[in-house]
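Take a look at the fold below.

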Amino acid sequence: MPTDHISQVYADLPLTLSEAGSGTGRRPVLVLHGGGGPATVAGIAQHLAPTAHTLVPVHPGWDGTPRPEWLTGVDDLALAYLHLLQDRGLEDVLVVGSSLGGWIAAEMAVRDGGRRISGLVLVDAVGVRVEGEPIADYFALEPRAAFELSWHEPDRYYVDPASLPADQLAVRQGNMATMRVLAGEPYMHDPKLLRRLGRVRVPALLIWGESDRIVTPGYGAGYAGAFADGRLEVVPKAGHLPQIEQPEVTFGLIDEHLRWTGGGGGVG
């Protein structure tokens, strides 16, 4: 990903942050990765960098980065990233989050007392409990089964963990261990979040892969319906990561949302 610099910045905790396109007048976009790590949102950041001020943190505990002992929940990350926006003096921010990153974005929005966020894009996000649409137990799945539920074309993307070099396997295991700490209990959701989303007034676009069986489009519809101003766009021939399987469609939806959101909103 092209960056102006990669540095350690400090809000409430040390963050590894990639940043690009910080020219005058460019709207800030905070891009938050999911359990698969920063590589899962690298394409989004690359796409946005020429026209937006993109900030892409690595969540502490992912890709070998340190996780402080007190960092035990998604709410901790949400507050830390809000403080990052505050410390940087950033306003009119579009927050784009994939999977776990979408959950973090939603938690940020309900806590955004400074009204720094003016739009949300949640891509196949977890984080809420939708009646009749359970989240698949990713921790209990064998690797092949996880790919079957996550991808429209699992054979195209499946990598046998046994074939990975030891260092790459260790990174994956570390990422999963951190996700268990942050999202293992209650599993992949905040029981209070769904009812709080109605207070979020900023436009929320939820992009969903039609073939996602980790969190189904039905789950996405329930999530979108909880926002005061939420809409769902389903991407055909894509699973849990439509930004990878169908990048042109996904990026087009993000671009459209970036153009017509901004300047106002917040939690009412």
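Here is a short walk through this model.

The model is predicted: local features need pLDDT of at least 70, side-chain atom pairs count only at pLDDT 80 or more, and totals for chains, interfaces and linings use all residues. Residues are numbered from 1 along each chain as its sequence is written, and side-chain values use heavy atoms, with hydrogens and water left out.

Start with the parts. The protein holds 10 helices and 8 strands. These are DSSP runs, numbered from the N terminus; helices (H or I) need at least four residues, strands (E) at least two. The radius of gyration is 17 Å, close to the 18 Å of the globule rule for 268 residues, so the protein is as compact as a globular protein of that length. That radius is taken over C-alpha atoms, and the rule is 2.2 Å times the number of residues to the power 0.38. The C-alpha trace spans about 45 × 40 × 35 Å along its principal axes.

Now look inside. Of the 268 residues, 52% count as buried, meaning under 20% relative accessible area with a 1.4 Å probe, protein chains only. Take contacts (heavy atoms within 4.5 Å). Among those between residues at least 6 apart in sequence, 77% join residues at least 24 apart.

Finally, zoom in on helix H4, residues 143–150. Its buried residues are Ala146, Phe147, Leu149 and Ser150. They lie on the same side of H4, because they cover an arc of only 165° around the axis. The arc is that of the directions from the helix axis to the C-beta atoms. What covers these buried residues includes helix H5 (154–157) and helix H9 (242–245).

Notes:
Buried < 20%, exposed > 50% of the residue type's maximum accessible area, 1.4 Å probe, protein only.
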